[in-house]
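The questions below go through a two-chain entry, element by element. Please keep the sequence and the structure in view while reading.

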Amino acid sequence: MARGLWFLSRAVGRLRPLLVQGPTRGFSASAPEQLHVCVVGSGPAGFYTADRMFKGHEGAQVDIIDRLPTPFGLVRSGVAPDHPETKIVVNQFSRVAANGRCSFFGNVTLGRDISLSELHKTYHAVVLAYGAESDRLLGIPGEDLKGIHSAREFVWWYNGHPDMCDLCPDLKNTESAVALGQGNVALDVARILLRCKAELATTDITDYALDALRGSTIRKVYLVGRRGPVQAACTAKELREILGLKNVCICIKEADLLTTPADEEEMRNSRIQRRVYELLSKAASAHGGNNYNDQKELHFVFFRRPTRFIPAENGSTIGAVQLEKTVLKGDEVTGKQVAVGTGEFEDLKCGLVLKSIGYKSLPVQGLPFDKNRGVVPNLRGRVLSSESETATVERGLYVVGWLKRGPTGIVATNLHCAEETVASILEDDKKGVLRPPSDSKKHGRTGLLEILEQKNVRFVPFSGWEKIDSMERMAGQLRNKPREKITTWDGLQKAANE
Amino acid sequence: MGWALFSLYTYFLQWAAWPISCGGGGLCLQTPPRHGVSRPHPNSSPSPSFPPSWRGGHAAGSRRFRTVRSPSFPGSEGAGSATAMFPRISRLGARLLRESRAETRAGNLRSSRGILYQGHVNRHSTPVVTPTVLSLRNVLLSTTTSGDQDESSQAKDKISVTFVNEDGSEKTISVPVGMSMLEAAHENDIELEGACEGSLACSTCHVIVMDVNYYNKLEDPADEENDMLDLAFGLTETSRLGCQVIAKPELDGMRLALPVATRNFAVDGYVPKPH
C-alpha cells in the first residue's frame, strides 16, 4: 500500500498519464499480482507496448531488452537527421523507462545471450518487437556489385548504427546515384545526398557521414519506381519537403503524369495518393525540368523496373542499371494495379545504387516465421504456430510492430498495433491462460538477471544509456549539433560504463 | 429540494464565518487560483497543473473576478447585516446560474429551469432565483470551474469543451482561450497522445469535431496539418489535430471525440483527480 502510494506520488510528480494505475482487481488493499512481461526490442513498438501494459495492468512488470546498448530502435537509427521533430517521441519513451515497473536491458541479444525458451520460462508473456533488420532482395544479376547498398544500410551508416559505421560508401566516383523505390526511405536517402551540407552540419548526422557527403561528387539523384505517380509510396510531408529543397532542380516527365480511369478511381479512394499526385503534378509544371543554374537534379523516374545491374569498366563496381519500361494492369486477385514489363529496355548510368524496396524481418530460433511475408504468423498479436489455417496459438508468445504487420507505417502506427497486442495479453491474463498450473513460478526480472549473470553478459541499464546520451549531447554542443553520436560498439560500451 | 438547500445555505451564510475551503466535496465558494490573481491565495503558488504561460493571467478577468469574490465575501466578515448580505447572495446565485448556463451550452445539463432562470436574471436587478440542484452540485463538485464569467457573456476567457471517448464516456473541461486542445487535454488528465508534442510531426493527437458547425468555425488546416491528417487512424470529414485546434470564444461548447485507437486503454475504476 505504501509502495503503491510512493509510486503514485512519483508518477504525479513526473507524468500525468502515469496516474492511471490500472484496473483495481478485487480488494485493492493487497499488492496486485505481478505479471512478468518481457519485450524484445526497444523501438516504438516495444515502448508503446510497455506503456499500454502499465496502463492496463496494475501488477505488470515489464523488462525491455535490446541487442544494442542504446534504446529506441529506428527512432535513433532510422529517422533522418534533418527530421528532429519525429524524434521528440523519445521523451515519452524515456518517461516509460523511468517507471519503477520498467527495466531496460541493452546489449542483450535474443538467440545469442538468451534463448526464446529461457525467456518463456522466466516471463508470463514474451512480446517480440524486434522489427525488421534485413532487406528484400531484387534477385537480379549483378546485385552483389560494389556500390550497391540497401537503403537501410545507408541510413544506418549516416545515423551512426554501430553495425554500419564502417560501410564507407563511395560518393566520389560518380555524379549520379539511383534510388530504387519511391517510398519515404528512398526520399530520405535522396534528400541527404542532395541537401546543402551547411544545413546538415547542425543535425545529429554522424561526423564521418558529413565528411563523406562534403566530398561527394553526386549531383543527380534518380528515384525509380515500377509504377506511376498515383502509386508512389511516399507521403505528402516528405514529398513537399524534397520538392522544396534549395538549389535542386526537380525533373518529372509530363507524360508520366497522364492518368487512367483506374488511377482516378485509386485517387478517389485514397486521400494520401491524391495529395501526392497533386504535389508531383504541380512540381512537374512549375519546374519544367530545365536546369539553367547548374543546380543539382532530382529525377522522378516512373514506370521503370530494374532487370540487371551492369558493371563499370573495372568489372566490380556498378556502372549502370538496366531498366525495363512497364505498364499498369489491374490484378484480378487483389484489384490493385501492378506493373507489367513491356520488353523495352534502357540503361541508366550511375555509380551508386540504393535499394529501397522494403525491409525484411529475420527469423529467430523457436519462433514460427512466415518466409513469404517476412512476418511472424499471428492473430491480433498472439503468435500462431504457422501461417496455415490449422495453426494453433502459441501460449505466452506475442508479437508487435513490424514483425507483426510487415515493415510499413510510421511511428504512430505502432501505437495502435501495441494497443491490439496488449489487449490480447490482458484478455489472456484474465482468462488465466498465462498462469497454467503446470507452469513453474515465473521470476521475471530476477530470473533474467540470474541468467545474464551466469552467462557473463554485460547488459546496459537505462542509466547506462543516459550516460551515453549525456556524453553525446555534450560532444554535440561543441559542434553546434544536438548530439555527436558514439558509433562504435566499444565506444558505446565504454560510455555506458563510465 | 433546491429551495430547501438554498435556504439552508443562506442560513449558514448569515450566522457562520464560512470557512473558505476548496476541494471536491466541500462547499467551494472560491475557485482555486487559476490566473495568479492576488487574493487569499498568493500569486507565487499557482496550481501546479496550470501551465506557466498563463501565470500572467487576464487583467480583465481578474478584475471581474475580484468584483464577485472580493473581501466583501460573505463568510469572511462574519455575520453582516441582512441587507448587506442579500446583494452578495444574489450575486452568488447569479454566478450559480451562469455555471448552469455554461453547462447547458456544453450540453451536459439540459434543464428547462435553467433557461427559465436565465430570463429572470436579465429582467430583475436583484433576482430571486433557485439554482437547480444539479447546477449547485456542478459548482461545488466540479473538477474545473470557470472563474471569469462576464454578466453579459461577451469575450469569454475560457470555453467549455467536452471530450468523448469511444465508449461514450465524457469529460467536460474548461479551456482558456488561446490554449490548444492537446495542451488542455493533458492539463485535465485526458489521455490524448502527443508523440511529437505539438510539432506537426505525427497524428497521435487526432480528434474528431462532432458538430460540423464547430468544425466550420475552425480555420482551415494548413498543408502541414493535412499532411499529418493523411496518416491519422480513423480519419473523418471533421477530423483535426488536437494541437492545432486553439480555443476561442466561438468554440464554447465544442465536443471532440477521441478516435478509437488514440484513446488509451480504458481502465475500470479510474477516478479523475479533482483540482
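Q: Which residue just after helix 6 of chain A takes a positive phi?
A: This is a predicted model, in which local features need pLDDT of at least 70, side-chain atom pairs count only at pLDDT 80 or more, and totals for chains, interfaces and linings use all residues. Residues are numbered from 1 along each chain as its sequence is written, chains are lettered from A and ligands numbered from 1 in the order in which they are written, and side-chain values use heavy atoms, with hydrogens and water left out. Helices (H or I, at least four residues) and strands (E, at least two) are DSSP runs, numbered from the N terminus. Just after helix 6 of chain A, the residue with a positive phi, of about 75°, is A:Gly160.

Q: How many residues of helix 6 of chain A are buried?
A: Buried means under 20% relative accessible area, exposed over 50% and partly exposed in between, with a 1.4 Å probe and protein chains only. The buried residues of this helix include A:Arg152, A:Trp156 and A:Trp157. Helix 6 of chain A spans residues 151–158 and is mostly covered, the buried count being 7 of its 8 residues.

Q: Why are helix 6 and helix 7 of chain A oblique to each other?
A: Axes are lines fitted to C-alpha atoms, for helices over the stretch in contact, and angles run from 0 to 180 degrees between N-to-C directions. Angles under 35 degrees count as roughly parallel, over 145 as roughly antiparallel, 65 to 115 as roughly perpendicular and the rest as oblique. The axes of helix 6 of chain A and helix 7 (residues 184–194) of chain A are 10 Å apart. The two helices are therefore oblique to each other, at an angle of about 50°.

Q: Which charged residue takes part where helix 6 of chain A meets helix 7 of chain A?
A: Contact means heavy atoms within 4.5 Å. Helix 6 of chain A contributes A:Ala151, A:Phe154, A:Val155 and A:Tyr158, and helix 7 of chain A contributes A:Val185, A:Asp188, A:Val189, A:Ile192 and A:Leu193. These divide into 8 nonpolar, no polar and 1 charged.

Q: What is the hand of the crossing of helix 2 and helix 4 of chain A?
A: The axes of helix 2 (residues 44–56) and helix 4 (residues 89–98) of chain A come within 10 Å and cross at roughly 50°. A crossing is left-handed if the near helix is turned anticlockwise from the far one by less than a right angle, and right-handed if clockwise. Helix 2 of chain A passes helix 4 of chain A in a crossing that is left-handed.

Q: What is the relative accessible area of A:Val39?
A: A:Val39 lies in strand 1 (residues 35–40) of chain A. Beyond its neighbours within four places in sequence, A:Val39 is in contact with residues including A:Ile64, A:Ile65 and A:Val127. A:Val39 is buried, and its relative accessible area is 0%.

Q: Which residues of chain A are in contact with B:Ser203?
A: B:Ser203 sits in the loop between helix 6 (181–187) and strand 3 (206–209) of chain B. B:Ser203 is buried, with a relative accessible area of 7%. Leaving aside neighbours within four places in sequence, its contacts include B:Met228 and B:Leu241, and from chain A they are A:Ile410 and A:Ala412.

Notes. Ala, Val, Leu, Ile, Met, Phe, Trp, Tyr, Cys and Pro count as nonpolar, Asp, Glu, Lys and Arg as charged, and the others, Gly among them, as polar.
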